[in-house]
Amino acid sequence: MARHTQVRRPRWAALGLGATIVATALSVVTGSVAQAATTGTLYVANQRANTVSVVDAATGTITATVPVGSQPSDESITPDGTRVYVANSANGIVNGTVSVIDTGTNTVIATVGVGRNSGGIEVNPDGQSVYVTNASDDSVSVISTTTNTVTATIPGLDFPLSVTFNPTGTRAYVGDLDAVRVIDTATNTVTATIPIGGSVSAVTVNPAGTVLYAADRSNNTLVVINTTTNTVGATIPVGAFPSAVALSPSGGTAYVTNLSSSSVSVIDTTTNTVTATVSVGSFPTGVAISADGSTAYATHGTTASVIDTATNTVTGTLSGFQTADAIVVRPSTAPPAPTVTGVSPTTGPAAGGTTVTITGADFTGATAVHFGGTAATFTVNSDNSITATAPAATVTGPVDITVTTPSGTSTTSPADQYTYTADTTQLTAGPILFTVVPGHLFLTLNLSATLTDTTTGHPVAGQTITFTVGSTTVCTAVTNAAGVATCHGPCPVLLALLAGRYKATFAGSATLAPATAYGYLIQHH
């Protein structure tokens, strides 16, 4: 997950609830500007005003107002914090749009047309694409962040309202009327459906990518899903009509806004139990957590509650909004590049395949792991741990293991070095065949040997084997796909009788150790 938590919420206007909720919220909610407990910048979508308010989190003051499209209802910020993507639903009557805000200038630099009732939006952790749910079109639009154009449309959904990604961005999870759909982001196809039994208003994934949380507004629960098996593991009762869910940076605590209960449920994700219920303003919709995890923000109507996560109490109120809906947090500084402080084990065969644990910091959202210049498959376990499979090497010796996130690539150091060792090999000499020509002093020897990589157990092709008798080279041959080298050549009869055997030699290569085998020229009884 990104360091700043994005909010997921349903499209109330499309369900016919918008006008009632807005009117009630504006008549009930009051409050004064409070000193927020953290630094950074808040971006609050004002659904009624078609704007986004930019708020200094340290002072609680609105520093800019950015005009966007019609009825902005959800937001997502890029991992480097340079852009905010805003989904504008246009009440589902006409096609929606996505406004792209440059956070350096707080201006809209692009507007992207998407489907009807565009609502849920999320930037892929790799920073290369944005997924937008189009509820009334039963689809998801895929936007390239390079060109800010729609590059694909994913059909086959059922009024999708929310979307999120696993930490590596290889899978997207879309919440719709009765299920969570799993999308392979390489092919943009739905690969699995996880029945929930109710309408999913919000989804988010823990930093390790192992657990998905889905807010079920029909049954007033937070559904816990195992992402390995795509099965429901637990259901946690929360308040009435849960609308959004956000996780603390560590993933240890979940915060759920309950629209009809005017509260935020605080959940310990280790025990899957509600540990606190925080009363906030009427009809809370969005929720976001500060980058340091110290503060939660819940939007409602013209205000937003500031919650101290240490005590789970409301310490202040931000005001000046117009039907505040979604909220995202931009840290005061961009997330740091990852750092590798250790690898285990530190050595492995050139054939690759070794499971290596990489330790360090700022691994969340990792998009690539390299052993030298070769990409490896990997899993992000946490912000401090990655498990990778060493790829095959082209040469032996030390290489640097680097981790890449949208914030950059780790700087190399002795702590990240992994040493490839040559694979051990074995030569097996084949049976000797020879031809004797009467009256000649030479034999024609037919020789063979098989070369095997004993580290992998596989035959080795394309390697040169030299066959000698005594100090005389009889012939050379290259191993075939089965690892077998065969050749024939002349050998003096007297030399064959004196030596009694021949030698097959593999000199070794950049990744394979040398090997030698002997075969008898004369059969002993």
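By buried I mean a relative accessible area under 20%, by exposed over 50%, and by partly exposed anything in between, computed with a 1.4 Å probe on protein chains only. The model is a predicted one: local features need a pLDDT of at least 70 and side-chain atom pairs count only at pLDDT 80 or more, while totals for chains, interfaces and linings use all residues. Residues are numbered from 1 along each chain as its sequence is written, and side-chain values use heavy atoms, with hydrogens and water left out.

I begin with the cysteines. A disulfide is a covalent bond between the sulfur atoms of two cysteines; the criterion applied is a pair of cysteine sulfur atoms within 2.5 Å. How many disulfides does a search of the whole structure find? The search finds one. The bond joins Cys475 and Cys487, with the sulfur atoms 2.0 Å apart. The link between Cys475 and Cys487 is right-handed, with 60° about the S-S bond. Because Cys475 lies in strand S41 and Cys487 in strand S42, the pair ties together parts that are 12 residues apart in sequence. Strands here are DSSP runs of E with at least two residues, helices are runs of H or I with at least four, and both are numbered from the N terminus. Cys475 counts as buried at 8% relative accessibility, and Cys487 is buried at 13%.

Next, the nonpolar cores, each a set of buried Ala, Val, Leu, Ile, Met, Phe, Trp, Tyr and Cys residues joined through side-chain atoms within 4.5 Å. The largest has 25 residues, and Leu427, Leu445, Leu447, Ile465 and Phe467 have the most contacts inside it. Strands that each supply at least two residues of this core include S41 (472-478) and S42 (484-492). Strand S38 gives the largest share, five residues. A second, separate core of 21 residues includes Ala366, Val369, Phe371 and Ala390.

Finally, Ser76 lies in strand S4, residues 72-77. Ser76 is buried, at 0% relative accessible area. Its side chain makes a polar contact with the side chain of Glu122 at 3.2 Å. Such a contact is a pair of N or O atoms within 3.5 Å; within protein, one must be able to donate a hydrogen and the other to accept it, and residues adjacent in sequence count only if both atoms are side-chain atoms. A polar atom of the Ser76 side chain also lies 3.0 Å from the backbone nitrogen of Val123.
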